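These are my notebook entries on a structure that is new to me. I record what I looked up, entry by entry.

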Amino acid sequence: MEKRYNVGIIGAGNIAVKMARTLNAMPQTVAYAIASRDIAKAEKFAKEHGVEKYYGSYAELAEDPAVDLIYIATPHAMHFADARMCLEKGKPVLCEKAFTATASQAEELVKISHNLNVFITEAIWTRYLPLSLKIIKLAKSGIIGEPHFIEANIGYAVKDKERMIKPELAGGALLDLGVYPLNFAAMIFGGEVEKCVSACALTDTGVDAQDTITLFYPNDKIAVLSCTMLCPTDKRGIIAGEKGYIVVDDINNPQYVVVKNLKGEIIEEHRAPEQISGFEYQVAASIEAIEKGEIETPYMPHAETVRIMEQMDALRREWGVCFPFESPANQECGGDIVEE
């Protein structure tokens, strides 16, 4: 009988619910354990979502010998400490995006992963989706010629969410939403950005509410990206080349992609396979890597995670969006982290 992986979930919010349901619907996994700092919340979660074990501390879950993989679903500001703790206890980690609050934190987690030979990857689910991989192949196939222009946006009305507006939780549109168009551009144009022009509108709490980011690449390639926490957008992506363009219905979870020629006529269309939630692909990729004895996955290599975090550090630095746990004296966004 094929092994079923016991997955532990740290954090009991809405995204953890989505993951628990996904795990229990996958043939090779089970949502085995949930941890919350509120034991009553953990117990309630376990009962409602068919989870066998529940814990009132994250460390207790990580110390459970039956746990094969840990999914971290806490706010951005907690990712570093939670993931480090799991790695140091020898547990493989699937850490929700944004991977950490800063690049220095991401680099430290990667270093720990390599030193201890323990798997960790970023749960930026769009990197693992079958239709995302198809989009990359289409862009490189020559069907639209050489791609030169990308446009991508994402927006949700989430300005009242605590995790979005509190600097101490590493809030703001960029880390929660802007990470998607940044990854969309990176999947097509790569990481060799020559210049970045950007702007943001700030909330009353000092984090970014809406962002516009234009990235310039070698060989006359440009990506125009935007995100907002104030209102919903169509989340559409366009990749344009000399012979036509690709239209992606939703860069967050693409379901339908069309290729059009210079006349705007559809010459190809592609649909995503039926999903549980879309989360199953990042879980399956993690299991595949663990079974191979690898500490990262080719879908989202450590180096790419760190590069995207560096990109977001630079954007926040330009905007003056700093988190209270950054040092020295909060003057340098994306700086070293003050250890408690």
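Which residue just after α9 takes a positive phi? I found that Gly-293 does, with a phi of about 75 degrees. I note that the model is a predicted one.

Entry on helix α9. I checked the length of α9, which covers residues 280-291. At 1.5 Å a residue, its 12 residues should span 16 Å, and the end C-alpha atoms are 16 Å apart, so the two values agree. I then looked up burial: Glu-280, Gln-282, Val-283, Ala-285, Ser-286, Ile-287 and Ala-289 are buried in α9. The buried residues of α9 pack against α1 (14-25) and against the strands β1 (5-10), β2 (29-35), β4 (69-72), β5 (93-96) and β6 (120-123).

Entry on the largest pocket. I found about 1000 Å³ of space in the largest pocket. Its lining has 34 residues, and those closest to the centre are Gly-13, Asn-14, Ile-15, Ala-73 and Arg-163. Helices α1, α4 (76-88), α7 (162-165) and α8 (173-189) each supply at least two lining residues; the largest share, four residues, comes from α1. Sorted by class, the lining holds 15 nonpolar, nine polar and 10 charged residues.

Entry on the largest nonpolar core. I counted 108 residues in this core, of which Tyr-71, Leu-225, Ile-239, Ile-246 and Met-312 touch the most other members. Helix α8 gives the core its largest share, 13 residues.

Definitions and conventions. Residues numbered from 1 in each chain as written. Predicted model: local features only at pLDDT ≥ 70, side-chain atom pairs only at ≥ 80, totals over all residues. Heavy atoms only, no water. Expected span 1.5 Å × (residues − 1). Buried < 20%, exposed > 50% of the residue type's maximum accessible area, 1.4 Å probe, protein only. Contact = heavy atoms within 4.5 Å. 1 Å grid on protein atoms, 1.4 Å probe; cavity = no way out; pocket = protein on both sides within 12 Å on 5 of 7 lines; lining within 4 Å. Points joined across faces, edges and corners; volume = space filled by probe spheres on them. Nonpolar A, V, L, I, M, F, W, Y, C, P; charged D, E, K, R; others polar. Core = buried A, V, L, I, M, F, W, Y, C linked by side-chain atoms within 4.5 Å.
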